[in-house]
Structure formats: C-alpha cells, structure tokens
Amino acid sequence: MGKTLPEIPELIPVRMLNEYVYCPRLAYLEWADGEFEHNAYTLEGQGVHRRVEQPDQVLSEPETADSTLQARRSITLSSERLGIISKLDLIEAEGKRATPIDYKRGKRPHVAGDAYEPERVQLCAQGLLLQEHGFDSTEGIIYFAGSRERVPVPFTPDLVQQTLRAIEEIRNLAAGSRPPEPLEDSPKCPKCSLLPICLPDEVHWLQHEAFPPRPLAARRENAWPVYVTGFGGWISKRQGLLEIRPAEGETSRVRIGEISQLVLMGPVNISTGALVDLVGRGIPVTYLSSGGWFLAHTIGTGHHNVQVRIHQYRLAAHPRVRLRIARALTAAKISNQRTLLRRNAFELPVEVLKALKEFRDRAKRADSLEELLGFEGAASATYFKAFRFLWKGERKPMFDFEQRNRRPPRDPVNCMLSLAYALLVRHWTVALSAVGLDPYRGFYHQPRFGRPSLALDLMEPYRPLLADSAVITAVNNGEVGQDDFVTGTNACTLTASGRKRFIGVFERCLDREFTHPIFGYRISYRRSMEVDARLFGRFLSGEFGKVPVWTTR
C-alpha cells in the first residue's frame, strides 16, 4: 500500500470492513470499543454461519494442490502486510485457482450487482487474502441463504482499490479516541443491532436539537433480576438451570438465560461453576449485606472501551468540569424532589415548593462544591420534613417521619429509604460497568475507599423518582406495615418477608414507563438508566457539550 499504517495491536477482522462501509460509527463501536448486541438479524446470520461451520479443515498449499476441486470450510487466513484477518465460510479451490464463498442471511437484493457494497468489499478482502497466500482469486461468490442463490462478484480494479482504501481508513479510525459522528436520520439505524448502544438520534438531539429522536428500539426484556435472601442458602448450576436451595424450604430453579442479574443478600453461597457460567454470559452477580448495604460486584474481564475511562479520569481532575456536572445533577435532583411532592402530597404548604425552587436555582449558580453541598443539604431537609404530607390518613401514625437518619436507620421510613438507595446504587453500578465507565471515580461525590462515587453521582436525580417513590408506594398501598419492622437499640430493620415485599415494590417502580422529557418517547426507568449511562459516556468523550440530565414534570 506504500504507507506506514498506524500502530494498532490487532489485525482488522474482515467483517469489520463490512461494518465500516455500512456505517463507520458501527465499526468503531464494535471493534475499538468492543460493543456488541444481538438482534433478530444478527441471530439469523449467526445461525446461517453456524450451519456451514466445520472446524479443523486445512486448505492445501497452491504449489501442491492438484486439479481436483476441493471445498474447505471455516478456513482462517491473515496477512500482516494488508493488516487483516478473516475466517472464510467456504473456499472452492482447483489447482491454484480459489474462489471465496461468503454466506449471508436473507434473499438476494434487487440492486446493481445483486449485492450491497459492504458485502462486496468484505468478499474482495477475502480474495486479497487468498492472493496473499499464493492463489489466483479473481472472483468471489455471495450465497444468500434466504433465496438459495449464488451471486458472483468479480474483483475489479475499482473494487480492489475501494477495499484497500477501506482497510486504511478503518485503521486510522480505530487509532482515534472517539467514535465518528452517528448517521443522521438514516434508514439503516432501526435495523442495526447496536442502535440501543449507539443512540444516534439522542446524540444528534443533544448536539443540535435539530429533529426529535425516533422511538428508542429498546431491547425486549426477556431477562429479569433474581434476588436471593436469607442465611445459609446455596446456589448451583445444573443443565442450564440455576438451582437455589435455601436453608429452609423448597429448592427453586430458574433458567440462566432468563436472568439479567443475580443479587445475593446476606450469607448466601454460590458454586464456582454457577459463578463462572453467569460471568461468562455477561450476567453480573452483586452482593449485599442482610440490611441491603452494597458490598461487592462480580463481572467478567471488564468492558473493552478504555477510551471512555481515559476521558472520565481526565475530566474528573478538572475542578470546573466537576462543578458543572455536580450542579446539573443536584439541580435535577431538587427539581425531581419538588415534582414528587407536588404530585403526591396531601395539602402541601406552598412555602415548601417555593423553598425547593429557590434551592434548585441556587444550586445551578453555586460557585463551589462546598456551597453546592450546603444548598443540597438545605433542600433535602425541607423535602424530608414534608414527607408527613405524603401518607394516607390511616398510615400517618405508623410512619411518623421528620428527618433523614442512617447508619443505622432508626425508624421504618429511614429503614426503607436506606434499602432503596442501596438497591439504586447497585443498579447504577451495574449500568456504569456495562458501558465501560468506572463506577468508583465520580465528579460530585469524591473518591473514597469502597464507595462507587460515579454511581452515587448519577443516581441523584433518580432518588426521588425511584427510591422515594417506592417507599411512598409501599406505605400507602399497605404492602409494608408495622409488623414488617424490628426495632432495637437505636436501630430499625425490615423482617425477611417485609424486605422481600419491599424489593418487589422497588422492582415494579423500575419497570414503570414514562414519557422521556427530552426525547419524547416512552421508556422504563430501568431502561432509562442504561441510556443515561451511555449518554454520560458520550458527553465525557466530547460528542456533545450538554450534561445529559433530565427532570420530570
């Protein structure tokens, strides 16, 4: 090629050339950031490739090959000179002549050349690899499994030059520190498996507010969190099932594929086999104390996207950036506190709403983190004092509440608030880890041993909407009562049955849908946390300048 390529430690997978020609941002997210998500199209394509795959086959050297036609499947070829590597679905070779055959899902498209440009480039790169290994390869074939048709693709000089140019461009792209701009209002996006990760419309809206985002193609929730509470329980794996054996009672069985997260509360044991299987599937395992304190989090080797953490650490060292982010998060929290009171309180004094509005406006103008902490503390004191206006009449005597206390909580309301906040920080820690951010390096909450500061930062606007709302729902619906609490010397805790019911209320609140105040589509709070985590990473990488926080009305 005549040029020195940027130094990238890996050879480029040829399938990434297909992604690059289709969408440069897609190729960057998959290869450089290590992101991937299946949808119906990718699963169908995976099935097509799995049916033709035959490992351990060998292709004869061109010098020793005879004139007999040989068909070899799943052959991996690479070239240091070209900087690419590929597993070829099928090679038909006769002497020195070799033809790569690439299998594709679906039917032959009715376009010029009977194949799309990304598929032609990918096939041409496979032909170049065969040429690098001494074969004569001037044409390839794309086999469309849906229509069972073979489409010949000649390796013309123009196609070869386009392929070589794509190799050089994707290498230069991967050497950068941020992904390319997303496609704008493109018909390609709705069919892309990385749409919930790329968030093209959301990024464009936060950049320019040019057009409203299309409804987010949220993943169907086929998997759910599983909570295991109690003392002396044992969890093991057997034939795709997770067996949960409590110290007392009957054994429960859950399909591992239907689990999104496993949460262990208290001294519950898990076998190595079950833990390895869960981590291998990307299912996080988190550990809470019996009282709900977040203790640990088990994941795999971590997210591949190191660039987003580099941006995070760099910006966390800038006082102005930290203050800007902290002001936005705190103001959003106070605004959502005000909205919760306005929606749910019975005969709320107008002075409370006026005071919260004033504290919110002051938080937006705070000159330092210390000053911001003062406004936040004053707003929280005003907010929690107004909790007495939230209870239904018959519930007031049982849940008298004046102010926040913790470590340990000393009354039923504070007991539920502490548990709800612990559950919320756990969810945020999982969400941030899933998108490549470090949950322990925050901007508002300062680093401290064992404290997930960034999770605490980003959960601030969600505290009233999820945690506080779950407490109000549990109390006013009668799902917890006085008999669900044990009060001792200066401490209050939930009973096992009360804790189980409250966790159920909290999870229902996570699944509650709302109309997103910025993007305008319906989304659950559970899904919204992942979207916000991804957008926060995009903000840190410089894709847009507005801190991605929102408030409900």
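Start with helix α17. Of everything that lines the largest cavity, α17 gives the most, with four residues. Helices here are DSSP runs of H or I with at least four residues, strands are runs of E with at least two, and both are numbered from the N terminus.

Ground rules, quickly. This is a predicted model, where local features need pLDDT of at least 70, side-chain atom pairs count only at pLDDT 80 or more, and totals for chains, interfaces and linings use all residues. Residues are numbered from 1 along each chain as its sequence is written, and side-chain values use heavy atoms, with hydrogens and water left out.

Now the cavities. Rolling a probe the size of a water molecule over the atoms shows where empty space is left. We work on a 1 Å grid over the protein atoms alone: a cavity is a set of points where a 1.4 Å probe fits but cannot get out. A pocket is an open set with protein on both sides within 12 Å along at least five of seven lines. Lining residues have an atom within 4 Å of a point. Points are joined across faces, edges and corners, and a volume is the space filled by probe spheres set on them.

How many cavities of 30 Å³ or more does the structure hold? Four. The largest has a volume of about 150 Å³. Its lining counts 16 residues, and D33, N305, V308, G537 and R538 lie nearest the centre. Two elements give two or more residues to that lining: α9 (306-316) and α17 (525-540). By class, the lining of the largest cavity has five nonpolar, six polar and five charged residues. The classes: Ala, Val, Leu, Ile, Met, Phe, Trp, Tyr, Cys and Pro are nonpolar, Asp, Glu, Lys and Arg are charged, and the others, Gly among them, are polar.

Next, the second largest cavity, at about 100 Å³. Its lining includes Y22, C23, L26, C189, C192 and C198. Here α2 (24-32) and α6 (195-198) are the elements that give two or more residues. The largest share, three residues, is from α2. The classes in this lining are 10 nonpolar, no polar and two charged.

That lining has cysteines in it, including C23 and C198. How many disulfides does a search of the whole structure find? Zero, where a disulfide is a pair of cysteine sulfur atoms within 2.5 Å. For C198, the nearest cysteine sulfur is that of C23, 6.2 Å away. C198 is also buried, with a relative accessible area of 10%. Buried means under 20% relative accessible area, exposed over 50%, and partly exposed in between, with a 1.4 Å probe and protein chains only.

An α-helix has 3.6 residues a turn, so residues three or four places apart point the same way.

On to the second largest pocket. About 1400 Å³ of space lies there. Of its 49 lining residues, W293, R404, R406, R407 and Y421 are closest to the centre. Elements that each supply at least two lining residues include α10 (319-344), α12 (369-385) and β15 (485-488). The largest share, nine residues, comes from α12. The lining splits into 23 nonpolar, 12 polar and 14 charged.

D102 sits in strand β4, residues 97-104. D102 is buried, at 2% relative accessibility. A polar contact of 3.2 Å joins its side chain to that of K104. A polar contact is a pair of N or O atoms within 3.5 Å; within protein, one must be able to donate a hydrogen and the other to accept it, and residues adjacent in sequence count only if both atoms are side-chain atoms.

V151 is in strand β6, residues 149-154. V151 is buried too, at 3%.
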